[in-house]
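User: I am new to this structure. Please walk me through how to read its features, one at a time.

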Amino acid sequence: MSDYRGMSVEDSRSAPTQPGSRMARRMAASAPPPPKEPERGRRAGDGGGGKMRVLAWVSIAATSLMVAGSLTGYVAYRDAFGAIDQKNVKDDIINPRPRDTGALNVLLVGSDTRAGDGNAQYGQETARLADAGGKRTDTIIVLHISPNRDQARLVSFPRDSMVDIPKCKNETTKQEMPPRRAMINSAYNDGGVACTMSTLETLTGIRINHFVEVDFSGFKNIVDSLGGIEICLKSGVNDKKAKLVLPPGKSLLDGEKALGYVRLRSYGDGSDIQRIKRQQIFLSKVIAKATSSDLLTDPIKLTGFIKSAAQSVTMDPDLANNPQKLIDIGMSAKDLTAKGVKLTTVPWIPDPEDENRVVWQQPAAGELFDSIINDTELPEPTPSATADKPKVAVKPGQVRIQVLNATGEPGRAREVADQLAKEGFQVTGLGNYADAGGQPVAATEVRYPKTAETGADHADVLTKKLNPAPDATAGKVRPTNTEPYTPTVAPTTAPAADGPKGPVLQLVIGTDFKAVKVTKLSEAVEKNTITASQQKNVCV
């Protein structure tokens, strides 16, 4: 019999934090860093200092390749993908990996390598790294496409984020490097793509299925093959370091100017975060142009674009050699272009120990990651969506619930209860439950009293908020133990004061349970998300 039976919820709540758990991930991403090392040439208030380059061209090039290049089924176009460089990093990931949910999560990074023509002309630091044969990345973006391919989100991770990097193999020597606290981009600098993937998986719980790397020259070639990208500026630019002169208003950027634009530091407040938002809008314009009919219906232009993109990237073999997966990604992005792919920066706050660094804002960052893992964010409601309303109009604040943990995982009842309370439901109590043999229950259940006339209507409101959504059943179960629930979170939706109070339902949490669907992500996440209207009509 599982040892969780008979354990009070309060006891469950004090269970030690396990590696890989939600709490462990959030502590790793937000815990204060150790005493800082002496700064070298940093400038206070510059949003990260040094040669901070949030290279959004990486995601631009990679996403454009996967979108436009894979939209066609013609063999001639697919053959162009033979030019893609491939790198297998599976054996270099040495930490436990999150479960695969069926989603497509693609890591997009910019390889700021100094090797090759055209890459060694951007400043003194470039020259130093060229001599050392090194590489860097200041762009870390995850492209998430939901399991049923109907939702997409691009999540940017600020390069100045102070996080706990797990043990990794050194990319060159293959020797194991111990865990350390450092800026997140150092995972790539030392351990390459494998360490970056493992770091993100450890911190977020999101399984990274594939990766795409792009270099400087590749970015320029891709933009040129699209015929340039139009941007709009609130004020003019005259920056010698970026080698860029632009007037206020609209400008059409070729590859060289686009590279200067996405590397631009001396604009606005000069911060890393503002630059990310500016580059995300640029990326949305590239996606729109790469999926436009003007490109897709012109065989000559499309072939040139695909060849240019294919020669500019490195992918894992499982992605590069899987045309169907590329088509899945491309078709999803094309369909979602009209709706507006969500562009989100991980919520952050200034690092209390160093104003030139940031840490992820909790619990907002954790909520964002959970919504991606479980695809629990609900679409915006439409005025015509009335067919699915229950027979009796019931609001979440009128639904009373007893939450029972039947998973064998300590603390699960309180965790789910907090999620329900935040969505405005009335949680009356917590408890544990097991089947007749004392084992965890596989399938989540929603139960209501057999004598409750409106039990099914109230249960219907609850089931629609669960992932997966179970059918409601008449008849309640006998818990192993129970205790009252005291809310620890503020509800997103105010409890309903009017209307009849329904019967007390039972939510029996099975091992298949993923999460409570959120009506709206936290204000911190929304603040860091670029909307569809901003993507299309904005001067930055």
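User: Are Trp 360 and Phe 369 buried or exposed?

Analyst: This is a predicted model. In it, both Trp 360 and Phe 369 are buried. Their ring centres lie 5.6 Å apart and their planes meet at 70°, so the pair is edge-to-face.

User: Which cluster do ring pairs form with Trp 360 and Phe 369?

Analyst: Ring pairs link Phe 157, Trp 360 and Phe 369 into a cluster. A search of the whole structure finds three aromatic pairs. One of them joins Phe 157 and Trp 360 and is tilted, with 5.7 Å centre to centre and 50° between the planes. Phe 157 sits in the loop between β4 and β5, while Trp 360 belongs to strand β17, so this pair ties together parts that are 203 residues apart in sequence. Phe 157 is buried, and so is Trp 360.

User: Which residues touch the most other members of the largest nonpolar core?

Analyst: That core has 37 residues. Leu 107, Phe 157, Ile 184, Val 193, Met 197, Trp 360 and Phe 369 touch the most other members. Two or more residues each come from β2, β3, β5, α6, α14 and α17. Helix α6 gives the most, with eight residues.

User: How should I read a disulfide, and how many are there?

Analyst: A disulfide is a covalent bond between the sulfur atoms of two cysteines. The search finds one in the whole structure. Cys 168 is joined to Cys 195, with 2.3 Å from S to S. The angle about the S-S bond is 80°, and the link is right-handed. Cys 168 lies in strand β6 and Cys 195 in helix α6, so the bond ties together parts 27 residues apart in sequence. Both cysteines, Cys 168 and Cys 195, are buried.

User: Why is helix α16 described as largely enclosed?

Analyst: Count its buried residues. Seven of the nine residues of α16, which spans 455–463, are buried, so the helix is largely enclosed by the rest of the structure. The buried ones are Gly 455, Asp 457, His 458, Ala 459, Val 461, Leu 462 and Thr 463. They pack against several elements, including helix α15 and strands β18, β20 and β24.

User: What about a charged side chain such as Lys? Is Lys 220 buried or exposed?

Analyst: Compare its accessibility with the cut-off: buried means under 20%. Lys 220 has 12% relative accessibility, so it counts as buried. This residue is found in helix α7, residues 216–225. The C-alpha atoms of Lys 220 and Leu 259 are separated by 6.5 Å, although the two are 39 residues apart along the chain.

User: Which backbone features should I look for?

Analyst: Start with the general rule. Most residues other than glycine have a negative phi, and most peptide bonds are trans. Now the exceptions here. Lys 174 has a positive phi of about 65° and is not a glycine. Its place is the loop between β6 and β7. Lys 174 has 41% relative accessibility and so counts as partly exposed.

User: Which residues does a cis peptide bond with omega of about 10° join?

Analyst: Gln 362 and Pro 363 are joined by that cis bond. Pro 363 lies in the loop between β17 and α14. Another cis bond runs from Asn 467 to Pro 468, with omega near 0°. Pro 468 is in the loop between β21 and β22.

User: Where is confidence lowest and where is it highest?

Analyst: Where pLDDT is low, the predicted coordinates should not be read in detail. In this chain, helix α5 has the lowest confidence, at a mean of 38, and β5 the highest, at 96. Residues 114–133 have pLDDT below 50, and this stretch has 32 contacts in the model beyond near neighbours in sequence. Residues 379–390 also stay under 50, with six contacts beyond four places in sequence. The chain's mean pLDDT is 75, and 66% of its residues reach 70 or more.

Methods:
Residues are numbered from 1 along each chain as its sequence is written. Side-chain values use heavy atoms; hydrogens and water are left out. A nonpolar core is a set of buried Ala, Val, Leu, Ile, Met, Phe, Trp, Tyr and Cys residues joined through side-chain atoms within 4.5 Å. Buried means under 20% relative accessible area, exposed over 50%, partly exposed in between (1.4 Å probe, protein chains only). Helices (H or I, at least four residues) and strands (E, at least two) are DSSP runs, numbered from the N terminus. pLDDT is the predictor's confidence in each residue, from 0 to 100. Contact means heavy atoms within 4.5 Å. A disulfide is a pair of cysteine sulfur atoms within 2.5 Å. Rings of Phe, Tyr and Trp (its six-membered ring) pair if their centres lie within 6.5 Å; planes under 30 degrees apart count as stacked, over 60 as edge-to-face and the rest as tilted.
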